[in-house]
Protein chains: 2
Amino acid sequence: MIDRLRRFIPVLDWGRTYDRSDLSNDVIAALIVTIMLVPQSLAYALLAGLPPEAGIYASIAPILLYAVFGTSRALAVGPVAVVSLLTASAVGQVAAQGTAGYAIAALTLALLSGALLLAMGVLRLGFLANFLSHPVIAGFITASGILIAASQLKHLLGIDAHGHTLPQILSGLLEGLNQVNPATLILGVLATGFLFWVRKGMKPALRRLGAGPVAADILTKAGPVMAVIATTVAVWGLNLADRGVGIVGAVPQGLPPLTLPDLSPDLVGALLVPAILISVIGFVESVSVAQTLAAKKRQRIDPDQELIGLGAANIGAAFTGGYPVTGGFARSVVNFDAGAATPAAGAFTALGLMLAAVALTPLIYFLPKATLAATIIVAVLSLVDFSILRKTWGYSRSDFAAVAVTMALTLGLGVETGVAAGVALSVLLHLYKTSRPHVAEVGIVPETQHFRNILRHKVDTVPGLITLRVDESLYFANARFLEDLVQERVTRGGEIRDVVLMFSAVNAVDYSALESLEAINRRLGDMGIGLHLSEVKGPVMDRLKTSHLLQNLNGRVFLSQFDAWQALGSAKSGIAPGR
Amino acid sequence: MIDRLRRFIPVLDWGRTYDRSDLSNDVIAALIVTIMLVPQSLAYALLAGLPPEAGIYASIAPILLYAVFGTSRALAVGPVAVVSLLTASAVGQVAAQGTAGYAIAALTLALLSGALLLAMGVLRLGFLANFLSHPVIAGFITASGILIAASQLKHLLGIDAHGHTLPQILSGLLEGLNQVNPATLILGVLATGFLFWVRKGMKPALRRLGAGPVAADILTKAGPVMAVIATTVAVWGLNLADRGVGIVGAVPQGLPPLTLPDLSPDLVGALLVPAILISVIGFVESVSVAQTLAAKKRQRIDPDQELIGLGAANIGAAFTGGYPVTGGFARSVVNFDAGAATPAAGAFTALGLMLAAVALTPLIYFLPKATLAATIIVAVLSLVDFSILRKTWGYSRSDFAAVAVTMALTLGLGVETGVAAGVALSVLLHLYKTSRPHVAEVGIVPETQHFRNILRHKVDTVPGLITLRVDESLYFANARFLEDLVQERVTRGGEIRDVVLMFSAVNAVDYSALESLEAINRRLGDMGIGLHLSEVKGPVMDRLKTSHLLQNLNGRVFLSQFDAWQALGSAKSGIAPGR
């Protein structure tokens, strides 16, 4: 019973051995992460089209719930760039930004996404995420980064523009160019420049100025906070809000509120597909981060339990004024580097954010939106990496096609179309390839018992005996192909006595393929040619034994291809020279 | 140039060698097929919800066009049961039966379907049909047969009822039971009983009465025509039309008219998906029939050219008052058995049908619809075969699931949902299975160079050396699975020095899997364990050589597993006893 509970509630496991050293590690990590999270949470809420406090709220209950149900010790759960973009795209289709309906739809999206993740976890459907291939993910993340950065340019320019695709965003920016607000632009460019410098040049500069490595590290991580403070003070002191600089404004002061998502069938229907997409993409991003970090400490995470942890986190977000969340790369790496020992570090981070929600919100009244946009732009441009195009081009054209289509459609038609097309294309290309398998005619490598392609290796063959190595599992998509291929080979000419199908690469034979094998056997039988099988694997043999194929086979089944060779080849003229 | 033309217009090929013996064979076959086709064509038009002459028209131009462009020498193209049902289902959604719009929508459907088939043929997409697996087709045909037979019962009962799913049809029949027309019922039951007897008992009875085999055969094939004549005469002589027996009524007399399909975007949009379905299902049915008949004469058909032939036939139907057509099983077998030597037999059949359209239509004024319904019921019940359920259950549960779902959804939700669900489920189950591949730990079979699963065979292993045979191509869906599996195996315990991945069953490694192999290599390297590959196939090796994996590999690549065994196994303690 307790063991069963522990499987679903990992806190019962690591909580038992929690000690003072874990505590101090966790508290320090939490402090660093909190400093980083405050501006980031505000910024991502802006990206999602929500009021800034939603970003803070979305970081509190989810972190706590993940600490109870999650398995990764370093994962930091909260708003992330890509999921915020997906939220804006989905919710923007059912409600106008800035309305109460918009915020409520975001809660509904979080609840749906949480319920889906939970259901996938309980049904152990974590493997579904594997259908998002690495190239598709890489293409999607890069394109999303570009979309996000482009969507934030309006805040740097101080203009009004909308759009969910790159052409829409760019044309909106072009139209608004005559309304650029100079004060906002200056502030925005300075903030962006500073944040880029923080990321690339600040640490070395501090070290040259004599700062210790730890101090330099903490100061670097506090960079975004410094930008927030400096620009807020500038707006307040120089009265820039009167000059048209967009500011965050009044943010409610207090703990996250209790909120109720709207579950009306119309809204649920409209948000279901986006919720599936957010769940799967959020899960894949989170699991990749968690696995990478776990591997560094030789720990393991359980993907199905991760689904439950993320599901609980999203349901928590839905009831506490948040929006869809997942495990973020940047914050998790910071958490890990800061030495977080257990999920309790997350709980302390939540505590820090609660303090911020209660005490700091009045101080950000004058915080310019341009600073938040700069934070986002600097963060997401690190996601942009076109090298996947070059890498896949060199390795495999179909992987390249998947990346290119995902990127192009994400930029041109939006995130949902892009990722759906990428997945569909990968699956179709895979099916296409397996529907026309490679089949090699093999001969024996001299002085071994090993058989190889007669076209690639110097091998020996015997006249009248043909061995075809079928390089694919046999199933409905390629069953008829094999029929045609064998037919073509035996009618091509030459005196043929025996055909051996070498099944070393056949990992399954489905019912359609069984019928094709029976047809091949019948046809070869009519032509007086024996059909033999060799190297049939255990699981395939188990299945074939339940059919009539083996009883009706014109020939025999051999354990190894060498056995087949000895029995069928040496019977006649012995080993002939290779072609 | 001529050769190129011949590829697209096979008549240029077989037409050159056409002689007198071919001619007489073809004329006799055409006569027999014409006799069979007249009532069948009228009946299928009724099933499609169209006026009876549409069935005749749909048999003339399509046969001629197929004779020019098709490759099968025995295939008879025209209206068939399943495609007629699909037509009724698709056109019924955009127009009411009996209206001019209904007939025009059927023309549009034929044109769309023809254009799609032609496009697939030119693009050589014939392989797409392979994704309809044998079990899905078998389940679909059986369920369609039941649906068709049920939909015709209303004509036997003389009541009015509609519906495209079994529950709809049955509830319609129940509601109408109090309006049953006795005269129609008697006529219908007699016709059905007679036609069943023709199919099963007539030929033996004629032989017992002393008829020669050929005469018995021709009389049997004329059975449906006899039923048509007898019931028509009965309705006329007994004045049954006044007693409420539904009759065919006035049928225009003359050659097929020139007709124009309606290509308004709304109609095309509504019919596009049904047209895809009709094309693919019609193609699959036609190709199976053509391949079966071709194999009997050691001929070959070209599936891509078949697409062009069927495409031309459907386009012909669209412009001559017909509706979607394909190669039918019953009529093709009759054609084949009657000795059709070339596609010219089809042309003579078309001639016979033209004569019928010009001369016979006034004679069928009193033909009762119940007789046509009886013709359909007797024909389609031969399609119903539940044995596929038992066969797949014994062989493979996932094939069984595909059949059962296809049947249940075709009956319960209609033909389009049924077949789409069947295809989707087959593909998903296939992907699911390949996403969690079988991996066997192997050892050497004593006194051979052959390696087998240590759990199934008596084999020898060496301490410290683990060989894993991966029984699946490595691609995005199973890449992470392999990572986890190797990690789990090497951390499970025991002193491990070398891991060999035996790639005899790995037919492809995509980019995602390449990244996973690199991760495995890195992790094993960190643990001081060598990673080796053996039996990598040519095409896989070619691809891996374009990556950095082989340069960075902790271990070596061996041509054969035996080479790996000798190099890594005998290095230490020699061959140890098997487990």
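Modeller: Two packed helices are described by the angle between their axes and the distance between the axes. In this predicted model, helix α4 (residues 53-69) of chain B packs with helix α15 (residues 344-360) of chain B at an angle of about 155°, their axes lying 8 Å apart.

Biologist: Which residues make the contact of α4(B) with α15(B), and how do they divide by class?

Modeller: From α4(B) the contact takes B:I56, B:S59, B:I60, B:I63, B:L64, B:Y66 and B:A67. From α15(B) the contributors include B:A344, B:G346, B:T349, B:L353 and B:M354. By class, the contact has 13 nonpolar residues, 3 polar ones and no charged ones.

Biologist: At what angle and axis distance do α7 and α19 of chain B pack?

Modeller: Helix α7 (residues 134-157) of chain B and helix α19 (residues 415-435) of chain B meet at about 165°, with 10 Å between their axes. By the rule that angles over 145 degrees are roughly antiparallel, α7(B) and α19(B) are therefore roughly antiparallel to each other. Their crossing is right-handed. On the side of α7(B), the contact is made by B:V136, B:G139, B:F140, B:A143 and B:S144; on the side of α19(B), B:V415, B:G418 and B:G422 are among the residues involved. This contact comprises 6 nonpolar, 5 polar and no charged residues.

Biologist: Let us turn to sheets. What is the order of the strands in the sheet of chain A?

Modeller: Strands of a sheet pair through backbone hydrogen bonds, either parallel or antiparallel. In chain A, 6 strands form an open sheet in the order β4-β3-β5-β6-β7-β8, and the pairing is mixed. The edges are β4 (451-453) and β8 (557-558) of chain A, each pairing on one side only. Strand β3 (residues 439-444) of chain A pairs with β4(A) in the antiparallel sense over 3 bridges, and A:V442 is found opposite A:N453 of β4(A). Helix α20 (residues 476-491) of chain A packs on this sheet, where it touches β3, β5 (465-470) and β6 (498-502) of chain A. The direction of α20 makes about 155° with that of β5(A).

Biologist: In which sense do β7 and β8 of chain B pair?

Modeller: Strand β7 (residues 530-534) of chain B and β8(B) pair in the parallel sense, over 2 bridges. Within β8(B), B:V557 is the residue opposite B:L533.

Biologist: Finally, what rotation superposes chain A on chain B?

Modeller: The rotation is one of 180° with 0.0 Å of shift along its axis, and the RMSD is 0.0 Å. The two copies are thus related as by a two-fold rotation axis. The same surface serves both copies, as 100% of the contact residues of chain A recur in chain B. Of the residues of chain A, A:A505 comes closest to the axis, with its C-alpha at 1.9 Å.

Conventions
Residues numbered from 1 in each chain as written. Chains lettered and ligands numbered in written order. Predicted model: local features only at pLDDT ≥ 70, side-chain atom pairs only at ≥ 80, totals over all residues. Least-squares fit on C-alpha atoms with pLDDT ≥ 70 in both. Contact = placed C-beta atoms within 7 Å. Pairing = 2+ DSSP bridges. Helix = DSSP H or I, 4+ residues; strand = E, 2+ residues; numbered from the N terminus. Axes fitted to C-alpha atoms, helices over the stretch in contact; angles between N-to-C directions. Nonpolar A, V, L, I, M, F, W, Y, C, P; charged D, E, K, R; others polar. Parallel < 35°, antiparallel > 145°, perpendicular 65-115°, else oblique. Left-handed = near helix turned anticlockwise from the far one by under 90°.
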